[in-house]
Amino acid sequence: MDKSWMHSDRRLKAYEFGVEAFLNFAVENLLTTTHIRCPCVKCVNLKLFGVGIIRDHVYFNGIDQSYKNWTFHGEPWEATTNASRNVEEDDGHSRYSFVSEEIDMDDNDFGDFGSDPYEFANVIGDGDQPVYPGCRKYTKLSALVKCTLVVDQPV
């Protein structure tokens, strides 16, 4: 699929045709067509919207030009390997096990959320709650991250 339009001026027809081709590709290749990830520079595939809103976002904000392999929109994932590490599956280890090795983690560090699937969702959802009632600037998660960054700074 031609992705050269991503680097075009947003006022050109080539960009317009590219956006439409991208949206058609996404709708054809995904299981659900009601909401898809928005690849604009502000949403960076983190937010889900309908096609019309995504079209507006990509026109007004531009598309995230680092999004080269459209895996969130139905394009097959292309495995790449790092020259310094082999990230392919090896001896039954996860292809990303080097991450937990690098930061000294083991399976017990991930916590035990039991068999209730909603328990994990509640923990994740709690991070979106305000730090205190009426607080609009920080969520519990953003405050925790900000505190962690302050603690980790060299003195």
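Arg55 is partly exposed, at 25% relative accessibility. In this predicted model, the side chain of Arg55 forms a salt bridge with that of Glu20, at 2.7 Å from N to O. The pair joins distant parts of the chain, since Glu20 lies in helix H1 and Arg55 in helix H2 (residues 51-61), 35 residues apart. Glu20 is also partly exposed, with a relative accessible area of 25%.

The count of salt bridges comes to 4. Three of these are described here, including the pair above; the table lists them with their N to O distances.

| Salt bridge | Distance, N to O |
|---|---|
| Arg11 and Asp9 | 2.6 Å |
| Lys13 and Glu16 | 3.3 Å |
| Glu20 and Arg55 | 2.7 Å |

Lys13 and Glu16 both belong to helix H1, and because they are 3 residues apart there, about one helical turn separates them. Lys13 is exposed, with a relative accessible area of 51%, whereas Glu16 is partly exposed at 30%. In the bridge between Arg11 and Asp9, Arg11 is exposed, with a relative accessible area of 74%, and Asp9 is partly exposed at 32%.

Helix H1 (residues 13-29) also holds Phe22. This residue is buried, with a relative accessible area of 1%. Leaving aside residues up to four places away in sequence, Phe22 touches Trp5, Pro39, Trp70 and His73. Phe22 and His73 are 51 residues apart in sequence, and their C-alpha atoms are 8.6 Å apart in space.

Notes. Residues are numbered from 1 along each chain as its sequence is written. This is a predicted model: local features need pLDDT of at least 70, side-chain atom pairs count only at pLDDT 80 or more; totals for chains, interfaces and linings use all residues. Side-chain values use heavy atoms; hydrogens and water are left out. Helices (H or I, at least four residues) and strands (E, at least two) are DSSP runs, numbered from the N terminus. Buried means under 20% relative accessible area, exposed over 50%, partly exposed in between (1.4 Å probe, protein chains only). Contact means heavy atoms within 4.5 Å.
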